[in-house]
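The following note sets out numbered remarks on the structure shown below. Each point takes up one topic.

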Amino acid sequence: MAELHQAPTSLCCCRKSLPDSGGRCSGDLARPSAGLGLESQRCPLVDVASASNFRSFQLCHFHLDLRLNFAVKEMSGWLVLDLVPVQPGVCSLILDSHPSLLIHSIDCKVPGAGQQEPVSLTYRVDPFTDYGSSLSISLPTAAVKPGRAVQITVRYTTTDGPAIWWLDSELTCGQVRPLVFTQGHSVCNRSFFPCFDTPAVKSTYTATVRVPDGVTVLMSASRSSYSKQDRVFQFSMEFPVPSYLVALVAGELQHVDVGPRSRVWAEPCLLSCAVKKLGGSVERWLGVAEDLFGPYLWGRCDIVFLPPSFPIVAMENPCLTFIIASILESSEFLLIDVIHEIAHGWFGNAVTNATWEEMWLSEGLATYAQRRITTEAYGEPFTCLETVVRLDALHRQLRLLGDSNPVSRLQVKFESGVNPSTLMNLFTYEKGFCFVSYLSEISGDVRRFDCFLRDYISEFKFKSVVAQDLIDYFLSYFPELKDAAVAKREGLEFERWLSGCGPPLYEPDLSAGGALIGPVQDLCDLWRNADPPDLEALATFDLSTWSTFQIVLFLDRMLDHSPLPHSVVASLSDSYSSLFDGLNAEVQIRWLQMVVRNSFYPDLPRVRAFLHKHTSRMYTVPLYEDLVAGVMKFVAVEIFYQTQRRLHPNLRRTLQQILFQTSSTNQNGSALPPSSGSTPPQEPTAAVATASPGGATGTTATIALRDVNVSA
């Protein structure tokens, strides 16, 4: 930390200095171009995941002023909202909040009205869902008029909410200093600050963060500065963003520049490894993306690596991508995840889905863009191989859920109370990708479709859209397709793509990856079709020369056929287990799932060693679920009690629920006997929701997290 204090007062040397004044009004829903006749013009937007009355106001800007207290794990301070009422007769402001937020006071000022002192306002907090509450603020009717700016200040303290993850030093990579980070996707940031917690609303923001000595603060902001004397960090996001993309991390963090507009941040013990893994690749990937989709709009493209407690793989926070440090083990998965988050700079961050019911508008387009980038940077065979791995996982999920499950729709209609985070599954990524690929196919030329996407971003940047916006813009861009009525082509109707259940109606041609994919399938066939396998034929396959994605595809396809004969699993172990020991965790977890699903006890020590080493959700939950589902539950319980002190309390609760069918903990987060009755709040998971004919209503099965690209 001494190095940070010896540095110039500008924390991010490539960023501009902080602005002198607040932001501007911006970030409302995309307005259709003349003549498009969009559905969004005809139907007012409804976001059932938000309790707020966001349609009654224009949010111009907001400011956060926070003090971080690591000793008591609290953030305290205030929020200032610059609002303009847009409807007559508005007498209250309703914000999304959370029971974990302690509201101390709320007041109001009307800029330019000659008002000397702010007016104290009355408010009430009402239940909304299990992931939030509503904060209703009574407004002075005499001062609130359409088009007249009003400033609301909310003083509050955060406690134990789902957006804020406090890590004791023992849970960090360096185990020296504590760390805190926030994770807002999808609807968690209402426990970070009261807000219009809907992707339909975007605004600029500024923040002032006061911290103890030795703590570095980063935020998803385009400008930043640091006062060493006051230990105050200041941030400004000059581009409008939705609430879920406001993110903060604070702890012992250092950085190295890896390009003219990117740097890597991490705890000191991780930094050199992270820099070595990424090298100068970030600028290369940005350049490829800009050639395809137009200028990168956010200025900075920094990356911070977080400890294994980070609940997902990666998060595309603008200017500052969050990535779990565990992924550093696998260069190929790291490459894919970073490129996916870079793609979100255009698809998801610049142009955002207006509701969580159409999350594919972010994830499907970002996945398509990611694969265009990898095709240009690494060739079509590599991209086809990675795509096959993911589409295999999609069909695996479909076999589990059934083709008629409503969560397989691109437009998932869910009822009030359903947490949108539970709908994050492979359909939003891979079925969305297939639909975008289909649009590219019927456009006639991939380069022509690149131009369409570039112009789509230019048309809708910094706005929130619905699917009809994309479709209408596509048909206006390609009028010959509109004239040919491609939207109603039998069996491939756009409406069926969006509202129909089941597998994608079209999948792209992946034959260019045949040289990489073919040997994998040949090896699978050898192992599955012979008992004992033909050792002479197997000897022609040298897995030590294979890429990670090839080995992952092999193990995934073998897992699909488990349980296997004991002799086959024994031969697999003899042939490959020593090799897998030296490979990354993405390979190891799949082999160990094979061990568990086939009750292959000779390799059980490898399972124990893996779960003692890895403490991230992505590598623990799938193995624990397999252990409990089979005959090895006693092993899972034993390992859990041996390792629970090194697990984040949220993950500890999840594993406890898997093991004991309860989510009970005592006050320090350690496991209680199954008979305990309390049920603490759960963090968002990559669960797959079931749905009634009218909409999603709950969860029934958690797909293995390795099957879901939980890079949000």
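1. K431 touches L394, S408, R409, L410, L426, W497, G500, C501, G502, P503 and P504, not counting residues up to four places away in sequence; contact here means heavy atoms within 4.5 Å. K431 and P503, 72 residues apart in sequence, are 7.3 Å apart in space, C-alpha to C-alpha. Two backbone oxygens lie by polar atoms of the K431 side chain: that of S408 at 2.8 Å and that of G502 at 2.9 Å. A polar contact is a pair of N or O atoms within 3.5 Å; within protein, one must be able to donate a hydrogen and the other to accept it, and residues adjacent in sequence count only if both atoms are side-chain atoms. The relative accessible area of K431 is 2%, so K431 is buried; the term buried means under 20% relative accessible area, exposed over 50%, and partly exposed in between, with a 1.4 Å probe and protein chains only.

2. On provenance, this is a predicted model, in which local features need pLDDT of at least 70, side-chain atom pairs count only at pLDDT 80 or more, and totals for chains, interfaces and linings use all residues. Residues are numbered from 1 along each chain as its sequence is written, and side-chain values use heavy atoms, with hydrogens and water left out.

3. The protein chain has 21 helices and 24 strands. Helices (H or I, at least four residues) and strands (E, at least two) are DSSP runs, numbered from the N terminus. Of the 712 residues in the protein chain, 62% are buried. Among contacts with a separation of 6 or more, 73% join residues 24 or more positions apart.

4. Helix α8 (residues 426-443) contains Y429 as well as K431. Which residues does UniProt list for "active site"? The unreviewed entry names E341 and Y429; UniProt positions are given in the numbering used here, feature names are shortened, and annotations may be inferred rather than shown by experiment. The listed residues are spread over 89 residues of sequence but cluster in space, with a largest C-alpha distance of 12.9 Å. Y429 counts as buried because its relative accessibility is 0%.

5. E341 belongs to helix α5 (residues 331-344). Is E341 buried or exposed? With a relative accessible area of 3%, E341 is buried. A polar atom of the E341 side chain lies 3.1 Å from the backbone nitrogen of E316.

6. The largest nonpolar core holds 236 residues, of which I152, F305, Y456 and F554 touch the most other members. A nonpolar core is a set of buried Ala, Val, Leu, Ile, Met, Phe, Trp, Tyr and Cys residues joined through side-chain atoms within 4.5 Å. As general background, nonpolar side chains in soluble globular proteins tend to be buried together. Leaving aside residues up to four places away in sequence, the contacts of F305 include V264, W265, I323, I324 and L334.

7. F554 is part of helix α15 (residues 548-559) and is buried, at 0% relative accessible area. Residues up to four places away in sequence again excluded, F554 touches V520, L523, C524, W527, L543, W546, L572 and Y576. F554 is 33 residues from Q521 in sequence and 7.2 Å from Q521 in space, C-alpha to C-alpha.

8. An open sheet of five strands has the order β16-β17-β18-β20-β19, with mixed pairing. Its edge strands, β16 (254-259) and β19 (314-315), each pair on one side only. Within this sheet, β18 (residues 302-306) and β20 (residues 320-324) run parallel and are joined by five bridges; V304 has F322 in β20 as its bridge partner. Two strands pair if DSSP finds at least two bridges between them.

9. Strands β1 (residues 57-69) and β2 (residues 74-85) are antiparallel partners over twelve bridges, with D65 opposite W78 in β2. Four residues separate β1 and β2 in this hairpin, and K73 in the turn has a positive phi of about 55 degrees. Strand β2 also pairs with β8 (residues 150-158) in the antiparallel sense, over eight bridges, and L83 stands opposite V150 in β8.

10. How many disulfides does the structure hold? The structure has zero disulfides, a disulfide being a pair of cysteine sulfur atoms within 2.5 Å. The cysteine sulfur closest to that of C269 is in C173, and at 5.5 Å it is too far for a bond. C269 is partly exposed, with a relative accessible area of 47%, whereas C434 is buried at 0%.
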